[in-house]
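Subject: Handover of a structure and notes on its features

Dear colleague,

Please find below the structure that I am handing over to you. My notes on what was found in it follow directly after.

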Amino acid sequence: LIKMKKIIIRLVGFVSFKVAKILQRFNILITIYSDMFGHQAWNIEYHIRRHIKKYKKFPKLIAVKSSSLVPNFGLYNHHKLYGIIVLPTRGLLSKFIKLGITYQKKLPNGRDVNSTNSNVFAITTMKNIFSEDVEILTNSKVSMPLTESESIEANIFLKKYNLEKGKYICFRDRDGSYMKDKSQESISLNKKDSSFIIRDYNINKGENIYDYSRNTPLTSYFKGIDKINKIGVKSVRYGASSNEKCPNKLVLDYSYAVRKKEYDITDLFLIENCKFYIGPPSGDEALAMMFNKPICSINSFPWPYINIPFSSDCMYAPQKLWKKNENKFMNLSEMALVEKKYNREDFISGLAQYELGIVPVKNSEEEIAEIMMEMNSRIDGTWDTERDIFKKYMTECNTSYSSKAILSTAFLEMNFDIL
């Protein structure tokens with residue numbers, strides 16, 4: 001009976017796979033709709049850009065919700081305006097599609113973005129994205145820009161809060177409250193299919209060791225905010241939720257005070273119209289990627305895995321790694337070569353940190369201030385490129401080797417000991 005059940009499941013998966021293959025000929029693409037904000041933003045955008053690159057047409061897209069949670073309803077409604085059909089996580093059609101995706105994953109090269117098997121259902125790994133589709137990441141148009149009506153709403157929103165397009169930055173501090181809230185929400189609603197349950201967050205603390213390492217104190221931005229304000233650029237504290245009020249009067253505290261008064265769609269309005277986004281690796285970076293906005297990724301850890309932006313107008317600064325047994329920092333070349341032995345999951349679990357005997361050290365207030373000023377100057381075209389001492393420390397062993405983002409010169413100038 002069990003064997004017969006497996007045969008039937010595989011047969012249904014095969015039929016689903018074949019149907020999806022036929023639908024592609026009619027410009028219909030099928031994928032998964034994630035319950036994590038960054039994946040909700042970028043995965044859909046990426047799959048559509050990839051489809052347009054191959055077929056020269058905007059697809060009719062059908063997405064099955066990965067769980068019953070929707071991270072951002074503003075983005076969800078934005079997708080629906082472009083004709084994207086999002087199916088519930090349960091239901092016969094959804095189950096039929098999920099069995100087809102499972103079937104595809106088990107095929108030879110079923111996860112390889114360049115294989116015919118992978119191009120049926122739109123599923124890819126981050127490694128595929130970095131290594132195979134660099135052109136999509138670095139030199140392709142936004143497939144779903146704000147609609148005319150959304151742009152009108154965005155202008156009204158910006159005017160309401162005294163913001164001008166391209167005259168403010170969005171920055172993100174990170175304290176783990178978002179992950180804690182989502183995890184508690186998943187448990188209270190008995191959402192056993194949620195990614196936030198699968199990732200097993202520490203409910204009391206609000207993050208696991210890996211997430212804690214990416215947390216960035218609010219105060220670490222204040223010196224940079226003061227500097228950038230003096231040259232006429234405002235600062236908006238970005239993010240879905242925060243338990244701490246920002247005491248800095250120069251900051252529009254969107255995360256704590258404004259967002260609860262508005263709708264989810266204002267998340268999109270702020271990012272689409274900002275000068276650049278700066279923050280630690282998080283899903284908000286993915287929304288900036290969706291709109292092709294310049295990204296300044298600070299406190300990148302583990303570096304240089306997937307947590308750095310992609311295009312040449314982006315910049316990053318990694319966390320330094322202190323070697324406890326040797327009482328010194330690991331240099332950048334050593335950091336890059338760590339990926340030969342450890343994968344990103346080894347850092348998420350803490351295994352790599354333990355075996356290497358390292359402690360990540362967050363970017364300082366002084367470093368972040370200079371990084372912010374450098375990012376602003378590069379965008380304005382006033383940065384003195386003769387100062388640049390950037391060198392490509394990554395090797396072909398690194399997942400993000402093909403990234404065109406720049407390692408911050410200001411960061412390197414303040415840390416010659418890791419060169």
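I begin with the surface. Leu 11, Phe 14, Val 15 and Val 19 form a nonpolar patch with about 310 Å² of accessible area together. Patches consist of residues with over 30% relative accessible area and no salt bridge, where nonpolar side chains (Val, Leu, Ile, Met, Phe, Trp, Tyr) are joined within 5 Å and like charges within 9 Å. Accessible areas come from the Shrake-Rupley method with a 1.4 Å probe, and for residues only the protein chains shown count as cover. Phe 14 belongs to helix α1 (residues 2–25) and is partly exposed, at a relative accessible area of 34%. In these notes, buried means under 20% relative accessible area, exposed over 50%, and partly exposed in between (1.4 Å probe, protein chains only). Helices (H or I, at least four residues) and strands (E, at least two) are DSSP runs, numbered from the N terminus.

On provenance: this is a predicted model, in which local features need pLDDT of at least 70 and side-chain atom pairs count only at pLDDT 80 or more, while totals for chains, interfaces and linings use all residues. Residues are numbered from 1 along each chain as its sequence is written, and side-chain values use heavy atoms, with hydrogens and water left out.

An open sheet of three strands has the order β1-β2-β3, with parallel pairing. Its edges are β1 and β3 (85–87), each with a single partner strand, so one side of each has no neighbour in the sheet. On average, neighbouring strands of this sheet are turned by 25° against each other, direction ignored; the axes are lines fitted to C-alpha atoms, for helices over the stretch in contact, and angles run from 0 to 180 degrees between N-to-C directions. Strands count as paired if DSSP finds at least two bridges between them. Six bridges join β1 (residues 28–33) to β2 (residues 60–65). Thr 31 stands opposite Ala 63 in β2, and Ile 32 has Val 64 as its bridge partner. Together with helix α2 (residues 37–55), β1 and β2 make a right-handed β-α-β unit; right-handed means that, with the strands pointing away from the viewer, the path from the first strand over the helix to the second runs clockwise.

The count of salt bridges comes to 18, each being a side-chain nitrogen of Lys or Arg within 4 Å of a carboxyl oxygen of Asp or Glu. One of them joins Glu 262 and Lys 160 (2.9 Å, N to O). Glu 262 lies in the loop between α12 (254–258) and α13 (265–273) and Lys 160 in helix α7 (residues 148–160), so the pair ties together parts 102 residues apart in sequence. Glu 262 is buried, at 17% relative accessibility, whereas Lys 160 is exposed, at 56%. Asp 253 and Arg 237 also meet in a salt bridge (3.1 Å, N to O), and both residues are buried. Lys 323, Glu 326, Lys 328 and Glu 334 are linked in a network of salt bridges.

Finally, some backbone features deserve mention. A cis peptide bond joins Phe 301 and Pro 302, with omega about -5°, and the bond from Trp 303 to Pro 304 is cis with omega near 5°. Asn 299, in strand β8, has a positive phi of about 50° although it is not a glycine; Asn 299 is buried, with a relative accessible area of 1%.

Yours sincerely
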